[in-house]
Amino acid sequence: MAAAADRDPRFAHPEQRDGPVSRADGDGVVIEPMRRRHVKAVQAIELQVYPRPWSVALFQSELALRETRTYLVARIGRDVVGYGGLMMTMTDGHITTIAVDPQRQRHGIGARLLLALAREARVRGAEALTLEVRLSNRAAQALYRKFGFAPVGVRTGYYQDAAGTEDALIMWAHGVDSDDYARLLDGLENRQ
Ligand SMILES: CC(C)(COP(=O)(O)OP(=O)(O)OC[C@H]1O[C@@H](n2cnc3c(N)ncnc32)[C@H](O)[C@@H]1OP(=O)(O)O)[C@@H](O)C(=O)NCCC(=O)NCCS
């Protein structure tokens, strides 16, 4: 389905822009589209936070799929401090990854990234959002709940790495195209 969606003109990116998606806040955090020049810094964070990090090549190939993907970075000055990704499949938006530099966590950057991805998903016609998260990853689950995600099931043995095997919690947020969801996002933005 993703391959078909890649060719579907409905998924053309609304704005192939270089500028910020969200301007600097009080902490100087800017959210903007991920570019090839960001990938080295992105992968440096990836290596710190994920037991099975994506390779530079995988990020590059994701960036090339512009019709169905949106990848964003959070930047402070020239430093990339976080990133996140969205894959559209028809009217479902899949959060493919989200991470914040361990030195910069708990400062609202993850929430800002997810806010921007959820807004992008709405622009692209998403009716629902979904993701997988490790059962043990309470921090991320708490973030997702704030954005209306609820657990719907478990994928057994989804994560396999040197540390062993772990199940994934599958979470969905429905009605993301609704006015209620827009209000939820506005409320989360105002809390930043
Ligand atoms: C998950 C992650 C992206 C959150 O980014 P962050 O910038 O630290 O999160 P924020 O500061 O925006 O937090 C937003 C909300 O998420 C929840 N949250 C984030 N970190 C938390 C933690 N360590 N413990 C409990 N709740 C947490 C809280 O509800 C928080 O709101 P609050 O600060 O008002 O309590 C970050 O912890 C991370 O990069 N983790 C490693 C990679 C990862 O696990 N990614 C998710 C894979 S599915």
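What follows is a chat about the predicted model shown above.

Visitor: What should I know about numbering and confidence cut-offs before we start?
Guide: Residues are numbered from 1 along each chain as its sequence is written. The model is predicted: local features need pLDDT of at least 70, side-chain atom pairs count only at pLDDT 80 or more, and totals for chains, interfaces and linings use all residues.

Visitor: What is the mean pLDDT of the chain?
Guide: The mean is 90, and 88% of the residues reach 70 or more; pLDDT is the predictor's confidence in each residue, from 0 to 100. Over residues 1-17 the pLDDT is below 50. Beyond near neighbours in sequence, that stretch has 24 contacts in the model, a contact being two residues whose C-beta atoms, placed from the backbone, lie within 7 Å.

Visitor: How many helices and strands are there?
Guide: Six helices and seven strands. Both are DSSP runs numbered from the N terminus, helices being H or I with at least four residues and strands E with at least two. Along the sequence the pattern is α-β-α-α-β-β-β-α-β-α-β-β-α.

Visitor: In what order do the strands sit in the sheet?
Guide: The seven strands form an open sheet in the order E1-E2-E3-E4-E5-E7-E6, with mixed pairing. Two strands pair if DSSP finds at least two bridges between them. E1 (29-33) and E6 (150-161) are at the edges with a single partner strand each, so one side of each has no neighbour in the sheet. From one strand to the next the twist averages 25°, where axes are lines fitted to C-alpha atoms, for helices over the stretch in contact, and angles run from 0 to 180 degrees between N-to-C directions.

Visitor: Staying with E6, how does E6 pair with E7?
Guide: E6 and E7 (residues 164-174) are antiparallel over eight bridges, and a hairpin joins E6 to E7 through two residues. Ala150 stands opposite Trp172 in E7, and Val154 is opposite Leu169 in E7.

Visitor: Is E6 largely enclosed or in the open?
Guide: E6 lies largely in the open, because one of its 12 residues is buried. Buried means 20 or more other C-beta atoms within 10 Å of the residue's own, exposed means 12 or fewer, and partly exposed is in between, with C-beta atoms placed from the backbone.

Visitor: And E2, enclosed or open?
Guide: Seven of the eight residues of E2 (residues 69-76) are buried, so E2 is largely enclosed by the rest of the structure. Over the chain as a whole, buried residues make up 31% of the 192 residues.

Visitor: What does E2 pair with?
Guide: Five bridges join E2 to E1, and the two run antiparallel; the partner of Val29 in E2 is Ile76. E2 and E3 are also paired in the antiparallel sense, over eight bridges, with Val73 partnered by Tyr83 in E3. E2 and E3 form a hairpin with two residues between them, and Gly77 in the turn has a positive phi of about 60°.

Visitor: Which residues other than glycine have a positive phi?
Guide: Met90 has phi near 50° and Arg106 has phi near 65°. Met90 is found in the loop between E3 (79-89) and E4 and is partly exposed, with 17 other C-beta atoms within 10 Å. Arg106 is in the loop between E4 and H4 and counts as exposed, with 8 C-beta neighbours inside 10 Å.

Visitor: Changing topic: how many residues surround the ligand?
Guide: 18 residues, the closest being Gln105, Gly110, Ala111, Ala139 and Leu143. A residue is near a molecule or strand if its C-beta atom, placed from the backbone, lies within 6 Å of it. The elements giving two or more residues to this shell are E4 (92-100), H4 (109-123) and H5.

Visitor: Which element gives the most?
Guide: H5, with five residues.

Visitor: How does the shell divide by residue type?
Guide: Into 11 nonpolar, five polar and two charged. Ala, Val, Leu, Ile, Met, Phe, Trp, Tyr, Cys and Pro count as nonpolar, Asp, Glu, Lys and Arg as charged, and the others, Gly among them, as polar.

Visitor: Where is Leu143, and what is Leu143 in contact with?
Guide: Leu143 is in helix H5. Leaving aside neighbours within four places in sequence, Leu143 is in contact with Gly110, Ala111 and Leu114. The C-alpha atoms of Leu143 and Gly110 are separated by 7.9 Å, with the two residues 33 apart along the chain. Leu143 is partly exposed, with 18 other C-beta atoms within 10 Å.
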